[in-house]
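Me: I have a model open and would like to learn how to read it. Could you walk me through its features one at a time?

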Amino acid sequence: MRVNPLNDGPGRFRMGPHFIYDQGRAVVPVGVHYVPRSGPDWPWRTGSGEFARAFRDIAAHGLDTVRIDLLWAALEPREGVLDEEHLKTLDRILDAAAANGLTLHPTLFVGGEVGDAYWDLPWASGINPHSDRHLLDAQCAHAARLAERWSGRRELIAWDLTDEPPFWIYGDSTSDEDARLWTHRLAESLRLNDPNHLITVGTASQEVDGGPFRCDVVADELDFCCVHPYPIYSPELYADRLESRRMTHAAAFETALARGAGKSVMIHEFGASSTQHAPDVIAHYDHLSCWSGFGAGAIGFYAWCWIDAEADAYGRAPYVRMPHETQFGLVDADNVPRPRLTSLSDLRACLAGFDLERCASDGPRALASIPVPREYAHPYAQENYGLDDAPAGPYVPSEQSWDSTRDVKPLIRGLLNAFVYSERAGMPVQFPRETLDDAWPTTPVTVLPAPLTSTTNSLLHVRTSFWQGASNYVADGGVLYLSLSAESAIPELHRFAGVRIKDRAPVDEDLRLTVVRPFGGFAVGDELSLPGGSADLHGRGVELEAEGAEVLACTAAGAPALTLFTRGDGAVVVSAYPLELMAAATPDAHDDDRVWRLYRFVRELSGCRLPVDLDDGELTRGVLTGNGGGMLVATNHGPDAVEVPIRVHAPSEVHTDSLVVHSPDRTGDSDSTPGIREGMTVTVPAFGARIVTWNARPGA
């Protein structure tokens, strides 16, 4: 997916097709968010000296960038009046970053930060700054003043419009249109006064919560987008241990989902609290989040956060109310490093050693697509209804009154679990947005897990007219995978999939599918045990009748459960059960789950492989390519080392004598092994990563 850069001016940093460029060289910023030990209300408690000391330590550990908060109430204690003394403090902080070779990423208009903290404005308390037009004008003037002051600062890598909008106390009163206008006005004010710096906004959970600041709403105004993946705060999606597969895929999933809006994506915050998880467990989680996220397309990383809160801060808000927030640090309150700091330092060292232009500048390569419904990106848009060419009166969908607060989580559960299965199957996915012309993806495989196949709630499923393209997609060689639920409804399903829905499936507490035809590593007689017993239509399967499709597995009653239908040069695989939503309801589901083999079978039907691969279901693999080569990023999300031979599946594209294996091992001693030959065994350690780079063959 190509990016259309907004900033291509004379500044030090600019956007390329995928990465940020520093004076013409593709770079991946790797750093940390700094909050002083005394707490997030730092302007009233400490000064620039503490920042300077921390910056020296951060640089000494090999990191190259720092994100900091600019507290609105401290900068603008009275409307329209910026505090000059505090501005001088911030000037000194910028100077300290430059002196230590760090770039600085300032976050504007911070009020809410850490736990339930929100420092409101003394002169505009209780007013939503995203929707109030007068307050928006004030913010534009504020941003313009800062842009004028710091436009020549070479250490400033990018403006962050604010942290985790909508501001937490105004989440329910901020609309998509509010978010779009707020982002547009602020970005415009910054660019008018500072055309030299990039602009983003540090959003959290907007994609998975369906929030107003999701990338589909604001991406057009930004140079790159951000995600703050915190699966620990979404138990309705991740009822898992921190080291579980679904948890450690969260950053990659959110990156891939956000990239579907059309801009490059940075993993802008991540981490977990040492009050709740052991430091080595957090290091494993961070390591896998970053490397699998990079393989999915992430262009930078800012860990939350540098240092723990000091004990004297425990009795003050926000820490007195949220004890877990005291210990997210890469170092503890006494400056003693934790294992996650070594992991982050290794990440930066390894990435800095790559020629990213040569091997990754085009971004990630996908073998499969999971379409995202039009309603997710453009809810209730008039053009969605297909009535523009008819002389009808205004159309108002009753769905708005039936379900005024549509829950996006069933959709996200389906997408998330399909993503994990696909990645394990060696089938990297992208999330293209559904279009009004009902165009089908151009990837060899299209995956449509429930609830994309459902009806009733238009937020959760593709447009009915989308299905009219299925026959041609398959006939032209595409491979289509569908999972069905008792909520599914697909016109003409039998014509392109060779099956009909007969009825809702019986509710069975012990649901076992028996393989009747070998596929994906399953032998005849093998059983797949699934969580059953759901009366919810989204979690309940259907009874199928085969009309030309071959049965791969059946229920205990003999009903078709998994089927295969070939049409033209392509194929359709159908599951009678919503496997992905069933996994969503099971804690730690992907740690002991063989369903990924079904996805591998789907990939094999397409005949498509990664150009270079370490093909093992314990590993997640992502591939990036550049103008002179490529890169395979393999992450081991399990507790045991994996030994696997390296395979080259595109010898016309890959110069096989150029293979190099890179080993970022969380030890501080990342290294590279050149001279690798096809068939040689590569060991990927437990919770570890291996990166394979190669040169393209001339003329490839």
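Predicted model: local features only at pLDDT ≥ 70, side-chain atom pairs only at ≥ 80, totals over all residues.

Me: Which domains does the assignment give?

Reply: Domain bounds come from an automatic or database domain assignment. Here that assignment lists domain 1 (23-353), domain 2 (368-606) and domain 3 (612-696). The centres of domain 1 and domain 2, taken over C-alpha atoms, are separated by 36 Å.

Me: How do I read the interface of domain 1 and domain 2?

Reply: The size of an interface is often given as the accessible area lost when the parts come together. Buried area is computed with a 1.4 Å probe and summed over both parts. Domain 1 and domain 2 bury about 2200 Å² between them, with 57% of it on carbon and sulfur atoms. Of the area that domain 1 buries against domain 2, Arg245, Arg246 and Phe253 supply 30%, more than any other three residues. In terms of contact (heavy atoms within 4.5 Å), 24 residues of domain 1 meet 26 residues of domain 2.

Me: How many salt bridges cross that interface?

Reply: A salt bridge needs a side-chain nitrogen of Lys or Arg within 4 Å of a carboxyl oxygen of Asp or Glu. The rule finds five across the interface of domain 1 and domain 2. Helices (H or I, at least four residues) and strands (E, at least two) are DSSP runs, numbered from the N terminus. On the side of domain 1 that touches domain 2, α9 gives the most, with five residues.

Me: Is strand β8 buried or exposed?

Reply: Buried means under 20% relative accessible area, exposed over 50%, and partly exposed in between (1.4 Å probe, protein chains only). In a regular strand the side chains alternate between the two faces of the sheet. Five of the five residues of β8 (residues 198-202) are buried, so this strand is largely enclosed by the rest of the structure. Leu198, Thr200 and Gly202 are buried on one side, and Ile199 and Val201 on the other.

Me: What does β8 pair with?

Reply: Two strands pair if DSSP finds at least two bridges between them. Strand β7 (residues 158-163) pairs with β8 in the parallel sense over four bridges, and Asp163 stands opposite Gly202.

Me: Which parts does the bridge of Glu618 and Arg245 tie together?

Reply: The side chains of Glu618 and Arg245 meet at 2.2 Å, N to O. Glu618 lies in the loop between β24 (612-613) and β25 (619-625) and Arg245 in helix α8, so the pair ties together parts that are 373 residues apart in sequence. Glu618 is partly exposed, at 28% relative accessible area, while Arg245 is buried, at 4%.

Notes
Residues numbered from 1 in each chain as written. Heavy atoms only, no water. Buried area = accessible area lost by both parts, 1.4 Å probe.
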